[in-house]
Amino acid sequence: MDTQERLIETYRKKAKYYDVISRLYPAPGYPQRTQRLQAVRALRLRPGDTVVDMACGTGLNFRLLEKVVGPGGRIIGVDLTDAMLARAQDRIKTNGWSNVSLVQADAAGFDFPAGINAILSTYAMTQVPECAEVIAHGAQALAGGGRWVVLDLKVPGRTPGWLAQLGTATVRPFAAIDQWIMRRPWEAIRAAMQAELADPAWTELFGGTAFLAAGSRRPDK
Ligand SMILES: C[S@@+](CC[C@H](N)C(=O)[O-])C[C@H]1O[C@@H](n2cnc3c(N)ncnc32)[C@H](O)[C@@H]1O
């Protein structure tokens with residue numbers, strides 16, 4: 001089984017309980033909701049806007065996004081795992097949202113619709129090996145002034161490798177945790193945001209255990 005198949009298998013198993021388990025993610029009491037709110041605020045959405053939620057999972061951001069784009073706006077949720085999208089579909093149905101659509105796709109191959117106002121990705125992009133390319137593709141699809149925002153976990157700056165491994169092994173959903181630490185994917189995300197976007201901003205959250213990376217479409221593009 002390759003890494004992606006393993007990841008899908010893991011999320012298939014998690015999908016049913018993801019919403020409950022994620023409240024304890026990455027640790028009980030972790031301010032995940034506050035971080036999601038910060039990320040959505042950083043999108044600077046307005047009523048009527050179209051936003052892509054990349055690797056949306058079960059759609060935990062949808063309510064927050066709905067609040068700002070309103071019924072005249074559009075939310076496009078993209079995810080690799082069918083079972084996570086099935087939960088997202090349940091959420092859409094339960095809430096009667098008619099402006100949310102779902103696409104099953106690998107972020108790496110996703111063809112972002114042109115002229116979208118914003119792209120959000122929460123707690124997922126560091127799991128995507130091609131994260132820099134995804135950021136570049138997304139940036140090209142943004143409308144003038146459009147925003148790209150990534151929220152995800154990272155290892156705090158001065159943490160020794162063994163401690164990082166111990167701390168994150170319990171919370172990461174797939175076995176390749178040591179690779180995740182070694183790869184330091186948040187650095188690739190930071191570099192790509194800086195390269196592709198105007199006004200790139202990088203904020204470390206909760207003692208450097210998470211980051212919020214944001215930027216706008218370059219006016220020259
Ligand atoms: C920890 S969950 C986060 C879900 C959601 N964004 C949230 O904030 O609750 C990670 C999600 O990323 C998805 N994912 C991982 N790699 C992906 C890829 N290459 N393309 C699309 N989705 C991916 C998984 O299927 C899973 O639903």
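Predicted model: local features only at pLDDT ≥ 70, side-chain atom pairs only at ≥ 80, totals over all residues.
**Around β7**

I followed β7 along its neighbours. Strand β5, residues 142–153, is joined to β7 by seven bridges, and the two run antiparallel. I checked L151 as well; its bridge partner in β7 is L212. On to β6: seven bridges join β6 to β7, again antiparallel. Here E204 stands opposite F211 of β7. I then asked how enclosed β7 is. Eight of its eight residues are buried, so the rest of the structure largely encloses β7.

I looked at the hairpin of β6 and β7 next. Four residues lie between the strands, and F206 takes a positive phi near 45°.

I wrote down the strand order: β3-β2-β1-β4-β5-β7-β6. The sheet is open, has seven strands and shows mixed pairing. Which strands stand at the edges? They are β3 (100–104) and β6. Each has a single partner strand, so one side of each has no neighbour in the sheet. On average, neighbouring strands are turned by 15° against each other, direction ignored.

Then I looked for helices on the sheet. Helix α5, residues 82–95, packs on it and touches β2 (74–79) and β3. The direction of α5 makes about 170° with that of β3. Helix α6 lies across β4, β5, β6 and β7, and runs at about 150° to β5.

**Aromatic pairs**

I searched the whole structure and got seven aromatic pairs. One of them is Y25 with Y123, edge-to-face, at 6.0 Å centre to centre and 90° between the planes. What does this pair tie together? Y25 sits in the loop between α2 (18–21) and α3 (32–42), and Y123 in the loop between β4 (116–122) and α6 (131–141), so the pair ties parts 98 residues apart in sequence. I checked burial: Y25 and Y123 are both buried.

F206 came up again. Its ring centre is 4.9 Å from that of Y30, with the planes at 80°, so this pair is edge-to-face, the cut-off being over 60 degrees. Y30 lies in the loop between α2 and α3, and F206 in the loop between β6 (197–205) and β7 (210–217), so parts 176 residues apart in sequence are tied together. Is Y30 buried or exposed? Y30 has a relative accessible area of 9%, so I logged Y30 as buried.

Last entry: F110, F112 and W148 form one aromatic cluster.

Conventions:
Residues numbered from 1 in each chain as written. Heavy atoms only, no water. Phe/Tyr/Trp six-rings, centres within 6.5 Å; stacked < 30°, edge-to-face > 60°. Buried < 20%, exposed > 50% of the residue type's maximum accessible area, 1.4 Å probe, protein only. Pairing = 2+ DSSP bridges. Axes fitted to C-alpha atoms, helices over the stretch in contact; angles between N-to-C directions. Contact = heavy atoms within 4.5 Å.
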